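Subject: Structure for your attention

Dear colleague,

I am passing on the structure below, and I would be glad if you could read it alongside the notes that follow.

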Amino acid sequence: MRVMQTSRMLAVYFWAMVVYLIFPILIVLPVSFSDNELLRFPPTAFSLRWYQSYFNDPVWVDATLISFRVAVVSMVISTTAGTLAALAINAAPKRLAGPLTYGATLPIVIPHIFIALGVFILAIRSGLTDNEMMLALAHAAVAMPFVVLITSAAIRQIDPTIARAARVLGAGPLRAFRVATLPPLIPAIVAAAIFAFFVSFDELIIAQFLMKGSETLPMRIWADLRLDFNPTVAAVSTLLIVVTSLAMGVAETLRRRAARTLAP
Amino acid sequence: MAVAGITFENVTKRYGAVVALDQFNLTVAPGEFMTFLGPSGSGKTTALNILAGFTGITEGDVRIGEKSVVQLPPEQRNVGMVFQSYSLFPHLTVFENVAFPLRLRGERGASLETKVRGALAMVHLEDFGKRMPNELSGGQRQRVAFARAVVFEPPVLLMDEPLGALDLKLREQMQLEIKRYHQQLGCTIIFVTHDQGEALTLSDRVAVMRDGKIAQVDTAQDIYDRPSTRYVAEFIGRTNLFEIEQGQGNGWSIAALGTQMAPLDGHGAAGRTLSVRPEKIRQIGQGDPDASIVFDARVTDVVFQGDHVQYQAVTSGGAPLTFQEHRGHGARLQQAGDALRLGFDVADAVPVQNQ
């Protein structure tokens, strides 16, 4: 009897948490399909007009393209740097692995607003405000810890003697890296890259500090909410949620498959 | 590729203050199956990694054939290697794993295909070429690793505890296979293990290692029958060790057995102990042939093991003793507490250094 009660309470708790976590989506999703002029919940009529308005408005499309460019550059930088850092941490003496991992993942524990402030001061001094490259670099720093953590986990799964096997069978150090060490890591690296892309694509605070004339998508959403308050924001958000969850799903599948094939 | 011998000449490897290999000298004949046997930390893996080129040396010289390899990186040494963890490339098929060293040596097309198929046939995996490593059992993976290590016909094959990850039954089966491969290929094999049974089964010669040095290097049979030190006698198999003292005149006195014996060789008893294997000690009774050394003992424990029985006993001199009896001809099982007359032949007793 008591067991039954406990498990029922756990079920209630579980569903309460699920609703809590996806609550924003439950609001945004119906609103995006509404036919009302103003953001209003629940919607009283339904249409696709706000999706249309998003795709037809050059301001929204430009903001999306800027975010996309910044995210791609940031993804390339953070994935390369993060993967190399993870390899270095793995190759370092054991007593250094802890401090190095901590150092490489530090941006996770620093609030974005401080990073934003620091980068902002740097940008003003070097005259690089409103510069997409500067923003991409800042985003890369914020995304790199995730890359380090994801690829480190995959590197630890790999049998360390595989690279040695490649060497003794006739491959030089670079070749051993390319043919033995790197290929098993590729699924994890792709997963990390997708993750890094969205860290940048969704980021608002640093962009808000750095950018002036040109707007990223999160900046546009933020500005729109304050000025306009029409359901285009909800349509954009819904699209973002769908694209992000699809990509994360792909990333997670890749990561799991990698873990499975690498398992000894 | 011709088979090559291996020479370690005064090789020392230090890690800071730790000496992993200490003035190591060893010559391995071309085509010989040599096993490095020892506990962990004895230097056996260090010696193997030095041969492979993964570990540098502090002093000395290492030669494969006539050529010093000290300056060569692993990829230029042309040795095959099998690892305990198989170390197959997880993203490559079995075929591509085996083809890997051949491709690096510029092999292409039909010749590559033939060689890979030949190597896979040797390890009985001809139909597994398209599989991925994670679809194979441990034994199959180790066979692929073996095929990959020998497909380019290296003059020297290194094996680092290759059977350590397999279960007992598979291990015994793989031992026989490795023996067969060695006969087929004829290459020089350096085999590292801490399993003495494996060492005795496989090797032409065994180098028993301790603290970065060779305690004894000999054929498997001589290592077992003629250990040179107390350490080797105890590390390989079981043995009984009896203190010996210089008795009257030239003779040796064994207090534990309460007997005297003539010296076994020209040397004195000082610094030495007598080693007698449990299966060399037998009961002396009516009708049984006499032995050269005879003493009284009392059984304290009986361990029944099917085809043989192992007895723990105490001699009249108070020394514990183990002896073993095969149950060939309906030998009567002794009970704890039974008093027995035991003996062994001097030819079966080996004086060993107290090291």
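According to UniProt, in an unreviewed entry, the annotation "transmembrane region" covers residues 12-33, 66-88, 100-124, 136-155, 185-211 and 231-251 of chain A. Please keep in mind throughout that this is a predicted model. Two of these spans can be described in more detail. Residues 12-33 of chain A are 95% helix and 0% strand, with the end C-alpha atoms 30 Å apart, while residues 185-211 of chain A are 81% helix and 0% strand, with 35 Å between the end C-alpha atoms.

The unreviewed UniProt entry also places the feature "domain: ABC transmembrane type-1" at residues 64-252 of chain A. In the model, that span is 79% helix and 0% strand, and its end C-alpha atoms lie 25 Å apart.

Within chain A, helix α3 (residues 58-91) packs against helix α6 (residues 132-157) at an angle of about 40°, with 5 Å between the axes. The crossing of α3(A) and α6(A) is right-handed, and the residues in their contact divide by class into 19 nonpolar, nine polar and two charged.

Turning to the two chains together, 18 residues of chain A are in contact with 18 residues of chain B. On the side of chain A that touches chain B, the elements giving two or more residues are α7 (161-168) and α12 (232-262) of chain A, and the largest share, six residues, comes from α7(A). By class, the residues on this side of chain A comprise 11 nonpolar, four polar and three charged.

In chain B, there is an open sheet of three strands in the order β11-β15-β21, with antiparallel pairing. Strands β11 (240-243) and β21 (349-353) of chain B stand at the edges and have a single partner strand each, so one side of each is left without a neighbour in the sheet. Neighbouring strands of this sheet are turned against each other by 35° on average, direction ignored. Strand β15 (residues 272-276) of chain B is joined to β21(B) by five bridges, the two strands running antiparallel, and B:Ser275 stands opposite B:Val350 in β21(B).

With best regards

Notes
Residues numbered from 1 in each chain as written. Chains lettered and ligands numbered in written order. Predicted model: local features only at pLDDT ≥ 70, side-chain atom pairs only at ≥ 80, totals over all residues. UniProt positions renumbered as here; feature names shortened; annotations may be inferred. Helix = DSSP H or I, 4+ residues; strand = E, 2+ residues; numbered from the N terminus. Pairing = 2+ DSSP bridges. Axes fitted to C-alpha atoms, helices over the stretch in contact; angles between N-to-C directions. Contact = placed C-beta atoms within 7 Å. Nonpolar A, V, L, I, M, F, W, Y, C, P; charged D, E, K, R; others polar. Left-handed = near helix turned anticlockwise from the far one by under 90°.
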